[in-house]
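User: Can you walk me through this model? I'd like to start with the ligand.

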Amino acid sequence: MDIIKIIENKKNGLELTTEEIKYAVDGYLNGEVKDYQMSALLMAIVINNMSKRETFDLTKIMLDSGDKIDLSSIDGVVVDKHSTGGVGDKTTLILASLVASCGVSVAKMSGRGLGYTGGTIDKLESIGVKTEMTLDDFIKQVNDIKIAVVGQMGNLVPADKKIYALRDVTATVESIPLIASSIMSKKLASGADKIVIDLKVGNGALIKNIKDAKELASLMIEIGKDNDKEVVCIVSDMNQPLGNAIGNSLEVIESIEVLKNKGPKDVRELVISLASHMVSMAKNIELEEAKKEVIYNLKNNLAYEKFLSFVKAQGGNIDNIEVARKVFSIKSIKEGYITKINTSKLGEIVKLIGGGRVNKEDKINYKVGIVLNKKIGDYVKKDEELLKIYLEDKDMSIKEILNCFEIGSKKIETKLIKEIICQ
Ligand code: URA
């Protein structure tokens, strides 16, 4: 087979055969297909799209490129949750314990921060939770206390790892079939029986509009069906950060608030929705019944107690969460309603003050971040606080922060959960 012919076929809008996709992916992984050839093929895919059949094939070929985690020795149905990534997205910290407190096995592999979005593993490490363990220990902990959250184990989907890194630097991330196959190949390799996906849409997310979100959700659900896995997609708003806190320690503090049945309304709403679907799928019960159990466990501290036992089991400690001591109040220079927040820019600011990695090898400063005092639809007076910024050794221009907010005369209504898409 000839990679140049394969690129040419896609360039001319033809459907690639299973063999052609396999040749390109396997060849790229073993070095026969070069970066520049894969880049050209990816760009042709971005422009000319992939059929459903091509996307199913690409997912399977990437899935088969590495290890698959066998979770069959875990008691009961294992339900996994995946977020497509956003700013202030701390749902996993809360959700995993909440779902486990309902008696559902949570065997979760999570990632680190990427770009301007934060990652669960960094947040857990900020309270000393150890996120590496053997597969046997991982399964044992889930069977003992219903929950374990670790970083990626084994050599899962190496083809996606290599292709994703190339997409990141060749402007070829934004393709619905490429995103769907990338996410689903990893989820299928992680061994869960059922999957709930929190698909973020908005100016702080990879997917900017609801039409693309729905198309991506339907495609991921169909890939799940093709692999005998039930998938539910919850499309949620990322036109502003989730909750008020952005930054590792600050987000852990906010998560604990929600686990204690307090905290911001939007985080609570999303967590309750995601948890209800996970519990309903795992226990095969009606959604309303699952929701009652979830709310009961939040109200009665059962989710919080589960969180404490999970943190203890993995060597962490919430008693000494530290936040930066240099705290500045950023005040509005205008009066009116908040009409728009540049979410990715706020995420970028937290990254630049040390809360994320600018280079892969950078060490994160867990203590820095932002806590919003105003969100979209809120009224702000001149000189009233918009947010607090927690700094250590790096500074940030006030003008740049203020530029993240648009203030107008009309109150904007927002809706957090935009769609729930099931099979
Ligand atoms: N997240 C992934 O894992 N893959 C993509 O392609 C996009 C977001």
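Analyst: Start with S182: one of its polar side-chain atoms lies 2.6 Å from a nitrogen atom of the ligand. Taken alone, the ligand exposes 240 Å², and the protein buries 90% of that. Those areas come from the Shrake-Rupley method with a 1.4 Å probe; for residues, only the protein chains shown count as cover. This is a predicted model: local features need pLDDT of at least 70, side-chain atom pairs count only at pLDDT 80 or more, and totals for chains, interfaces and linings use all residues. Residues are numbered from 1 along each chain as its sequence is written, and side-chain values use heavy atoms, with hydrogens and water left out.

User: Which side-chain atoms sit by an oxygen atom of the ligand?

Analyst: A polar side-chain atom of K186 is 2.5 Å from a ligand oxygen. For R167, a side-chain N or O atom is 2.8 Å from an oxygen of the ligand.

User: Which residues are around the ligand?

Analyst: Y164, R167, I179, S182, I183, K186 and L206 (each has a heavy atom within 4 Å of the ligand). They divide into 4 nonpolar, 1 polar and 2 charged. Here Ala, Val, Leu, Ile, Met, Phe, Trp, Tyr, Cys and Pro count as nonpolar, Asp, Glu, Lys and Arg as charged, and the others, Gly among them, as polar.

User: Which element gives the largest share of that shell?

Analyst: α9, with 4 residues. Both α8 (158-168) and α9 (176-189) supply at least two. Helices (H or I, at least four residues) and strands (E, at least two) are DSSP runs, numbered from the N terminus.

User: What does D160 contact?

Analyst: D160 is in α8. Leaving aside neighbours within four places in sequence, D160 contacts M62, A165, S182, S185 and K186 (heavy atoms within 4.5 Å). Its side chain makes a polar contact of 2.8 Å with that of S182. A polar contact is a pair of N or O atoms within 3.5 Å; within protein, one must be able to donate a hydrogen and the other to accept it, and residues adjacent in sequence count only if both atoms are side-chain atoms.

User: Is D160 buried or exposed?

Analyst: Buried, at 3% relative accessible area. Buried means under 20%, exposed over 50%, and partly exposed in between (1.4 Å probe, protein chains only). P158, A159, I163, L166 and R167 are among the other buried residues of α8. The cover over the buried residues of α8 includes α2 (18-30), α3 (35-48), α4 (52-63) and α9.

User: Switching to α7. Which residues are buried there?

Analyst: In α7 (residues 135-145), F138, I139, Q141 and V142 are buried. They share one side of α7, because they cover an arc of only 160 degrees around the axis. The arc is that of the directions from the helix axis to the C-beta atoms. D136 and K140 are exposed on the other side.

User: What do those buried residues pack against?

Analyst: β2 (106-109), β3 (147-150) and α14 (302-313). Just after α7, K146 has a positive phi of about 75 degrees.

User: Where else is phi positive?

Analyst: D228, near 60 degrees, is one. D228 lies in the loop between α10 (210-226) and β5 (230-237), and is exposed at 72%. N301, near 70 degrees, is another. N301 is in the loop between α13 (287-299) and α14, partly exposed at 32%. Most residues other than glycine have a negative phi.
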